[in-house]
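I am opening a notebook page on this structure and writing down what I looked up, entry by entry.

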Amino acid sequence: MDSVKERSVDEVVSTILGKYNQRHHLMRILQEVQSNYGYLPREALEKISQSTGIPLSDIINVATFYHQYRLEIPGYYIFLVCMGTACHLKGNQDNYNVLRNTLGIKKGNTSSDGLVSVEKARCFGCCSLAPVMMVVSRDGCERYLHGNVDIKETKKLALTYRSMASKKVRSGE
Amino acid sequence: MAEWTLMDRCCDKCWHTVEYPCKHFIRCTVEGPLCHESAECRVKRKRRIEELKYGKYGIKIKVPISSCTLAAGAKEVYDAVSKEVLSSGLNADITISGCMGLCYLDPWIELSKKGLPTAIYVNVKPGDVPKILKEYLSGDLSNAFALRADPEGIYKNYKVPLLNDLTLWSNQVRFVSRGCGVLNPESIEDYIISNGFRGLDKILNMHPKNVIEFVKKSGLRGRGGAGFPTWMKWEIAQSQVSDIKYFIVNADEGDPGAFMNRLLAESDPYRVIEGMIIGAYAVGASKGYIFVRAEKPLMADRLSKAVEEIRKYGLLGRNILGSGFSFDIEVILSAGAFVCGEETALISAIEGRTRPRQRPPYPATRGLWDKPTVINNVETVAHVATVFQVGVEEFTKYGTEKSKGTKMFCVTGCVSRTGAYEVPIGMSLSKLVYDLAGGPPDGKKVKAVQIGGPSGGCVPSNLLNTPVDYESLQSAGAIMGSGGVVVIDEDSCMVDVAKFFTSFTLAESCGKCFTCRVGMKLLYDILKNITEGKGSEEDLELLNELSDVIIGSSLCALGGTAPNPIKSTLRYFRDEYVAHIKDRKCPAKVCPNLVEYWIDPAKCVGCGLCVKACPTNFITGERGKPHSIDPSKCIRCSQCFITCPQGAVIKR
Ligand SMILES: Cc1cc2nc3c(=O)[nH]c(=O)nc-3n(C[C@H](O)[C@H](O)[C@H](O)COP(=O)(O)O)c2cc1C
Ligand code: FES
């Protein structure tokens, strides 16, 4: 993450466009930008538009149409809380509320210390183990699935990942 | 040097290379050598096959690694197994497998040792691993859940049931899912010794028209939702004249509650790809795409790895096995939108755009970049591969007159054995829900079964004898869809369920058609009003009327089916709607505005946690004494209910 920060958006985007630069690659280009930053910085979208000639409005259309993309920087760890049918019936909405409460998130999706985000997500296909949440790191390198989480477990997970995030951030500084 | 595998040449007499392939390559890997006689080479292959089946040292430990088992802690179990094997100096092979569909048993492990029956241990915790290994290896199988097949009938004295004898297994027909939980999904050798690629081997000597004829004979219908005959789609694409044609596998699986595609592709990815190559050959496609959604990263990883392996051995790429047929596959990670599962929207997504378009022209005549394109579901192509491997009769002996074969169903929600089950089409819903999935836990009653996801409907409990086939489900007001079956018990509110699906499709509407974009919002608002106790009786008429408008005037099937959950709940559960409207009551006590939160003084210990959680400060009470909520001030945020460690906050 931090080594990336030192590379300018220009550099990152150029590297990606060196691999793919056609209109039909747009989805993948944006995915790679996001895996570098955890979101799509406006600068990067502008740079893609300039370099490929795809109108910025088209790029923003794609970036806002699909669920995977974020336009704001998330926390180091992101809770993706499944809102699929099975998880809905088994109370993941309550878990979602508990996460936000435990992490003190009032507005937006990210805790005020910027460490952890909580988002609603689509079905992960682990519906048998509902309710399910996935936790991913912003750089896309880590991915954990948690099934059969009750409220107690949810609280524990919130605290665990917050302390993991704070350790990561501290050691990175 | 890398280990010799079945995919390698046995000796210098074999001249097969990827550039100059031998057309008997597939069969030769297992039955070989075919072109020369050599006892040594034959033994070499036999030994390798033994090794793959039983491990190098005769002891094999399988740990399933797939999304569901990982969510249940399989990674930790895998680590515990590795650690135990290392520290005890045991000579054993540890391999991974996919998911066998019995997710409620996750994580499980399978142990096999020459001379002992293969045993499955379930709900394993990392700490149990040393004990399980010790017991099994000493011949004590008493704690196993079940044993794998027993062809000679010698396992009776172990007093552990055979998997085949359990109702949850004996009622299934494991046709397309035969490799799931059995094969190592990352091993092409495992697939090839299990009859893998024999379909491909067969068709490369057939005329494409005969391949299509074969599929026609099987009667296979698409498993992605609509049940369109697979051969017909192929025939249309095959008859088009074009410089290039495409074959796309739809692995978007956006229906929440359905996961058979993920399960198949994670557990047996080679089967999916073999079916895809067969389809491409039949229609004359030279380029293929597998479209996988971002929420299912492991599925994408497994498919990508399998594509690479298959290409490495020349079963994909230029001039496959010297047949003159060239085909290659790219795996595309979808950024996720439910509408992308619809075929024209999927095509848009691959082209780097959004939103569906008008049909006709159908993709089979004008699809990706305006070229003839076939789009098939993951399960459909996996069926194709299996039908060619084992023959049409094995397939057609199951199913109904109009729908042959088997289908995978994912049964989740309020049942004790959540998982994926493969059954003959036409089995009754009640058999699926009770005999296979075990019915609701703790003696609750089934209220309805939601089938077909956001485009489907709810079948009430008195119609559970409905057979699961395309036509019967449709007349019951649901659809087969991809086969997601969500069991709803008395604790769920049907108006809330309708609202849930409406909010889903509302969020997923691409916005192109006015009626879907605005109509779904209106439907949602009406439902929201009803669940908040602000509904009126006219609302019910309005819901029906508006639903019909949206169904009749939307471009794609998203809008064309989105009101189905409302229509079917109105049809069967009108009384619940009426209770919300007239009595201002939610009979299932789900809708927050229509329930009262009350603290049971007999259970409350007065810990004060609810007081802290209450955002309005209207819970009062002395520490150590029962607390109470002021019902006139309560905003029903449910925080106290969630927080109370004693379960003393009651909804009524
Ligand atoms: C809104 C919508 C979502 C769909 N989602 C999927 C999906 O996730 N997977 C799928 O295979 N088919 C999906 N379909 C059906 C496809 O459009 C298409 O019929 C199917 O992939 C064809 O494959 P088959 O003939 O093998 O069934 C969806 C259809 C609609 C209208
Ligand atoms: S509904 Fe939550 S994982 Fe499928």
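Entry, the ligand pocket. In this predicted model, I looked up where ligand 1 sits and found that the space it takes is the second largest pocket. I then listed its surroundings and noted that 18 residues surround ligand 1, with Gly224(B), Lys233(B), Asn376(B), Asn377(B) and Thr380(B) the closest.

I looked up the pairs of N and O atoms and found an oxygen atom of ligand 1 lying 2.7 Å from a backbone N or O atom of Gly224(B). A nitrogen atom of ligand 1 is 3.2 Å from a backbone N or O atom of Gly341(B), while an N or O atom in the side chain of Asn376(B) lies 2.9 Å from an oxygen atom of the ligand. I followed this with the area calculation, in which ligand 1 taken alone exposes 610 Å², and 88% of that is buried by the protein.

Entry, make-up of the shell. Which elements of chain B each supply at least two residues of the shell around ligand 1? I found strand 9 (373-377) and helix 22 (557-561), and I noted that strand 9 of chain B gives the most, with 3 residues. Sorted by class, the shell holds 8 polar, 6 charged and 4 nonpolar residues.

Entry, domains. For chain B I wrote down domain 1 (7-50), domain 2 (55-165), domain 3 (192-396), domain 4 (406-492), domain 5 (495-583) and domain 6 (596-651). Taken over C-alpha atoms, the centres of domain 5 and domain 6 of chain B are 34 Å apart. Chain A is divided into domain 1 (2-65) and domain 2 (77-171), and the centres of these two domains of chain A, again taken over C-alpha atoms, are separated by 27 Å.

Entry, backbone geometry. The peptide bond from Asp106(B) to Pro107(B) is cis, with omega near -15°, and I placed Pro107(B) in the loop between strand 2 (93-97) and strand 3 (109-113) of chain B. Pro360(B) and Pro361(B) are likewise joined by a cis peptide bond, where omega is about 0°; Pro361(B) belongs to the loop between helix 14 (343-350) and strand 9 of chain B. Lastly, I noted that Asn319(B), although not a glycine, has a positive phi of about 50°, and that its place is in the loop between helix 13 (297-312) and strand 8 (328-334) of chain B.

Note on methods: Residues numbered from 1 in each chain as written. Chains lettered and ligands numbered in written order. Predicted model: local features only at pLDDT ≥ 70, side-chain atom pairs only at ≥ 80, totals over all residues. Heavy atoms only, no water. Near = heavy atom within 4 Å. Polar contact = N/O pair within 3.5 Å; in protein donor to acceptor, adjacent residues only side chain to side chain. Areas by Shrake-Rupley, 256 points an atom, 1.4 Å probe, with all protein chains shown as cover. 1 Å grid on protein atoms, 1.4 Å probe; cavity = no way out; pocket = protein on both sides within 12 Å on 5 of 7 lines; lining within 4 Å. Sits in = over half its atoms within 2 Å of the grid points. Helix = DSSP H or I, 4+ residues; strand = E, 2+ residues; numbered from the N terminus. Nonpolar A, V, L, I, M, F, W, Y, C, P; charged D, E, K, R; others polar. Domains from an automatic or database assignment.
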